[in-house]
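Trainee: Please take me through the terms used to describe this model, setting each value against its definition.

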Amino acid sequence: MLTVHHLGISQSERIVWLCEELGLNYEFKRYERRADNRLAPDEYKALHPMGIAPVITDGDFVLGESGAICDYLNAKYGNGTLAPAADDPDFADHLFWFHWSNGTFMATLMMQLAVTFAGGDPAGGFVGERARICWEMCEKRLGEAPFFGGRNLTTADIMMMYILTTSRAFRNMSIDHLPNVKAYIARIAARPAYQRAMAKAEPGMPLPS
């Protein structure tokens with residue numbers, strides 16, 4: 001049985017959404033963060049050596065890492081429907097945004113958090129400039145195509161949406177200056193699969209806007 005282990009307010013919301021988009025039969029388990037440090041509980045940490053979200057189990061098989069899980073589920077259970085084929089004109093763009101999401105964008109935003117915790121200015125210096133460029137790239141892309149992956153929703157969008165919404169909430173960042181990003185978030189939030197996923201993953205949390 002495929003099981004999605006979701007840690008509250010975490011990247012594992014991506015995997016719940018992916019399962020809903022693919023219409024998969026899966027078991028859902030939600031874990032609350034610890035009250036003392038807001039980290040994963042010991043039960044969740046025991047699932048995988050990294051001890052962080054997301055994690056799935058498929059029978060006795062355990063897999064972590066958002067991108068790896070997206071590829072695994074899309075290939076094994078989704079017949080590859082959420083990734084364009086190599087001869088599709090959107091193939092290269094999909095690959096870029098899928099890997100850029102955590103490899104560059106999320107990594108940059110985590111560096112900003114580290115700067116903040118160290119008492120520095122997250123909007124200044126190398127990290128601040130890099131973050132500004134990342135957001136500008138998102139705005140430009142969404143003025144060129146309806147989805148990060150191109151003409152259709154792909155796992156690149158599954159990866160990107162969390163960064164634009166739940167992750168951004170930690171920074172209390174306004175995106176009023178990014179109209180294309182705002183319109184994209186509204187389009188995704190209107191998808192029935194996304195609404196079902198968020199109702200499971202984060203009950204009571206308003207849909208992003």
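Mentor: Let us begin with what covers the buried residues of helix α9: the cover includes β1 (2-7), α1 (13-22), β2 (27-31), α6, α7 (166-169) and α8 (179-189). The model is a predicted one, in which local features need pLDDT of at least 70 and side-chain atom pairs count only at pLDDT 80 or more, while totals for chains, interfaces and linings use all residues. Residues are numbered from 1 along each chain as its sequence is written, and side-chain values use heavy atoms, with hydrogens and water left out.

Trainee: What makes a stretch such as α9 a helix, and which of its residues are buried?

Mentor: Helices (H or I, at least four residues) and strands (E, at least two) are DSSP runs, numbered from the N terminus. Helix α9 spans residues 192-201, and its buried residues are Ala-193, Tyr-194, Ala-197, Met-198 and Ala-201.

Trainee: Why are these residues placed on the same side of α9?

Mentor: They cover an arc of only 125 degrees around the axis, and therefore lie on the same side of α9. The arc is that of the directions from the helix axis to the C-beta atoms. Pro-192 and Ala-199, on the other side of α9, are exposed.

**Buried and exposed residues**

Trainee: Why is Asp-157 called buried?

Mentor: Buried means under 20% relative accessible area, exposed over 50% and partly exposed in between (1.4 Å probe, protein chains only). Asp-157 has 0% relative accessibility, so it counts as buried. Asp-157 belongs to helix α6 (residues 155-164).

Trainee: What does Asp-157 touch beyond its neighbours in sequence?

Mentor: Leaving aside residues up to four places away in sequence, Asp-157 is in contact (heavy atoms within 4.5 Å) with Trp-17, Phe-147, Phe-148, Gly-149, Asn-152 and Tyr-184. The C-alpha atoms of Asp-157 and Ile-188 are separated by 9.0 Å, although these residues are 31 apart along the chain.

Trainee: How do you know whether Ala-169 is buried or exposed?

Mentor: Ala-169 has a relative accessibility of 58%, and therefore counts as exposed. Ala-169 lies in helix α7. Its C-alpha atom is 9.5 Å from that of Pro-208, 39 residues apart along the chain.

Trainee: Why is α1 described as largely enclosed by the rest of the structure?

Mentor: Nine of the 10 residues of α1 are buried, so the description applies. The buried residues of α1 are Glu-13, Arg-14, Ile-15, Val-16, Trp-17, Leu-18, Cys-19, Glu-20 and Leu-22.

**Helix α6 and its partners**

Trainee: What makes the relation of α4 to α6 parallel or antiparallel?

Mentor: The axes of helix α4 (residues 91-117) and α6 come within 8 Å and cross at roughly 20 degrees. That angle makes α4 roughly parallel to α6. Angles under 35 degrees count as roughly parallel, over 145 as roughly antiparallel, 65 to 115 as roughly perpendicular and the rest as oblique. The axes are lines fitted to C-alpha atoms, for helices over the stretch in contact, with angles from 0 to 180 degrees between N-to-C directions.

Trainee: By class, how is the contact of α4 with α6 made up?

Mentor: Residues of α4, including Trp-97 and Phe-105, meet residues of α6, including Met-159 and Ile-163. By class, this contact has 12 nonpolar, four polar and no charged residues. Ala, Val, Leu, Ile, Met, Phe, Trp, Tyr, Cys and Pro count as nonpolar, Asp, Glu, Lys and Arg as charged, and the others, Gly among them, as polar.

Trainee: What makes the phi values of Arg-38 and Asn-79 worth noting?

Mentor: Phi of Arg-38 is near 65 degrees, a positive value in a residue other than glycine. Asn-79, also not a glycine, has a positive phi of about 55 degrees. Arg-38 is in the loop between β2 and α2, and Asn-79 in the loop between α3 (66-76) and α4.

Trainee: How are Arg-38 and Asn-79 classed by accessibility?

Mentor: With a relative accessible area of 48%, Arg-38 is partly exposed. Asn-79 stands at 71%, so it counts as exposed.

Trainee: Which residues does the cis peptide bond join?

Mentor: The bond joins Ala-53 and Pro-54, with omega about 5 degrees. Pro-54 lies in the loop between α2 (42-45) and β3 (55-58).
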